[in-house]
Amino acid sequence: MAAHPHEHPHSHPHSHAHPLPADPVTTAGDDREYAWYAGDHHIHTTFSRDAMYSVDDQVRRGHECGLDWMVITDHGGPDHAKQSVALQTPLIADARRRHDVLVFQGMEWNIPGAEHATFIAPEHEGTPDLLQRFERMFDGDVLAARQNPGGPELIRDSVEGGSVAEQLGLDALAWLVEELRTGAVGEALVLSNHPMRTGRVSPSKVRGWRDAAPGVFVGWEGAPGHQAAALPAPLGRGRGRGQYDESPGRWSFPGYDLDQYRTWGGFDAATARMGGLWDSLLAEGLPWWITANSDNHFDIGDTVRVGNLSHEHYRRHGSRGEPVETGVVQHGYVDFAPGFYSRTCVGSTTRDYRSVMAALRSGRVFVVHGGLVRAVEGRVRTGPGPGVTFGARTSVVRGGDVEVELRVDPATEANGGGEVPRSARWDVIVGTVTGRVADVDRDLFEAPGTRVVESFEVPAHATGPQVFRTVLRGVADPIYVRFRGSDGRHADADGHPRVDRIGDSDPWDDLWCYTNPVFVDVV
């Protein structure tokens, strides 16, 4: 298990990809030795209407912060759709040559009737065309600005909510799946960004997206960016972590309580609430994965400002221009540089574009804040052999035992908060897989059977790699197993994250690590 190896990036030949797997493949064991490559799939540049760093700036900064891969995801919209993809493409190609890091070209899709999503496509000559066509046809902001036969009601719905908007999102995914099946690029990934921020991402929408594009729409940000937003003024904005401080609106799902709109230990409530929406999806046996990223626009404490603030400049030039150095700290910025605080770590035997995408699609991922660990790897075994790790599926004879192992490579260097972090507790979380819900229950967002079956306290004096093991005896029903670790400083009495306080949640003082699950079938 390696944390941050460095190899020269390379891509597969430009050819059709193999069909995308919709579900994890059941296997008895996987003896591959994975390296864990750190990345960030949500990063903005001057080609976004509200960001200020150049493509090269972001790639350089991400590489300096230890990233192995990153995705440039500028906001979709009518002005961006006119020319920004074409203008950005040669700059991304140049950044790939200048820096030893994989740089994906993507975009942030305004999902009609919902929130935003990352659109990732591989390094391929056809990727810019695919991105531009998708944006022009299906971006919610583009649709809202376009005159169409449906009139104002359709325009409003396409941005905010309602059945028309929801169907437009599903139509977009259907188009994308068919384009990938027949087109040159061959594969893409979609991940929902900051899903619970406004409450517009209902449980039924998530299920609809996943079912419309299995193997393409594969998960969401388990933890949003903007993690410095809760730091008090004047340096910060005194808001919620991730800028999660909104209240229910007209198009919000009515079943959510106010705590669903807040982060819990810096993680989205849909992921962090035990037995919540994420667990309800996993309890259906659905491969639905989590990530974490910076959503970088403006670094907290930076002394530069946006090059040109006028809308007319962005409309005409497709970018904000070069940032301006002021020599004075600009107050109110809310982000950490890519890789400085949040990381999505994918397990792969090689570092190249298709392999990173394959790991994301397979859920072979752990996410971590503040450098809490260098790497973690879980192993679930139902017999002799190496077992399987995150995102995989295995099986056990009914009534048999399941061995669970977690290997932790602890932090050895100080993080951006000025200390060497240490994990204090690791939880083994198990839920029962009960199967797909009926159509009338597609807004279900609870899995009350989810539970912590074992907790491991890390001794304060512990150094070097740590291994924790437990055995689940007499497994009678299909289950999933996932892991969670923390520094323990703000967990409640049962080890769960607390709801973050608006304007008073220091991100360096409350660090967590989550993994994707392993599914265990019963035969």
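By class, how many nonpolar, polar and charged residues does the lining of the largest cavity have? The model is a predicted one, and in it the lining of the largest cavity divides by class into 3 nonpolar, 7 polar and 1 charged residues. The residues that line this largest cavity are Gly225, His226, Gln227, Asn293, Ser294, Asp335, Phe336, Ala337, Gly339, Tyr341 and Ser342, and its volume is about 40 Å³.

The count of cavities of 30 Å³ or more comes to 2, and the second largest cavity has a volume of about 30 Å³. Its lining is made up of Leu191, Val218, Trp289, Ile290, Thr291, Leu360 and Val365, which divide into 6 nonpolar, 1 polar and no charged residues. Strand β9, residues 289-292, gives the largest share of the lining of the second largest cavity, namely 3 residues.

Helix α2 spans residues 78-98 and helix α3 spans residues 127-138, and their axes come within 10 Å and cross at roughly 165 degrees. Angles over 145 degrees count as roughly antiparallel, and α2 and α3 are therefore roughly antiparallel to each other. The crossing in which α2 passes α3 is right-handed. On the side of α2 the contact is made by His80, Ala81, Lys82, Gln83, Val85, Ala86 and Thr89, and on the side of α3 by Pro128, Gln132, Glu135 and Arg136; by class, this contact of α2 with α3 has 4 nonpolar, 4 polar and 3 charged residues.

Helix α3 also packs with helix α6, residues 163-182, at an angle of about 155 degrees and with the two axes 11 Å apart, so that α3 and α6 are likewise roughly antiparallel to each other. The crossing of α3 and α6 is right-handed. Leu130, Arg133, Phe134, Met137 and Phe138 of α3 make the contact with Leu168, Asp171, Ala172, Trp175, Leu176, Glu179 and Leu180 of α6, and by class the contact of α3 with α6 has 9 nonpolar, no polar and 3 charged residues.

Helix α6 in turn packs with helix α7, residues 203-212, at an angle of about 20 degrees, with their axes 9 Å apart. That angle makes α6 roughly parallel to α7, and the crossing in which α6 passes α7 is right-handed. In this pair, Glu166, Leu170, Leu173 and Val177 of α6 meet Ser204, Lys205, Gly208, Trp209 and Ala212 of α7, and the contact of α6 with α7 has, by class, 5 nonpolar, 2 polar and 2 charged residues.

The last stop is a matter of backbone geometry. Where does Pro234 lie? Pro234 lies in the loop between β6, residues 217-223, and β7, residues 263-264, and a cis peptide bond with an omega of about 10 degrees joins Ala233 and Pro234. Gln243 also lies in the loop between β6 and β7, and although Gln243 is not a glycine, its phi is positive, at about 60 degrees.

Technical notes. Residues are numbered from 1 along each chain as its sequence is written. This is a predicted model: local features need pLDDT of at least 70, side-chain atom pairs count only at pLDDT 80 or more; totals for chains, interfaces and linings use all residues. Side-chain values use heavy atoms; hydrogens and water are left out. Axes are lines fitted to C-alpha atoms, for helices over the stretch in contact, and angles run from 0 to 180 degrees between N-to-C directions. Helices (H or I, at least four residues) and strands (E, at least two) are DSSP runs, numbered from the N terminus. Angles under 35 degrees count as roughly parallel, over 145 as roughly antiparallel, 65 to 115 as roughly perpendicular and the rest as oblique. A crossing is left-handed if the near helix is turned anticlockwise from the far one by less than a right angle, and right-handed if clockwise. Contact means heavy atoms within 4.5 Å. Ala, Val, Leu, Ile, Met, Phe, Trp, Tyr, Cys and Pro count as nonpolar, Asp, Glu, Lys and Arg as charged, and the others, Gly among them, as polar. On a 1 Å grid over the protein atoms alone, a cavity is a set of points where a 1.4 Å probe fits but cannot get out, and a pocket is an open set with protein on both sides within 12 Å along at least five of seven lines; lining residues have an atom within 4 Å of a point. Grid points are joined across faces, edges and corners, and a volume is the space filled by probe spheres set on the points.
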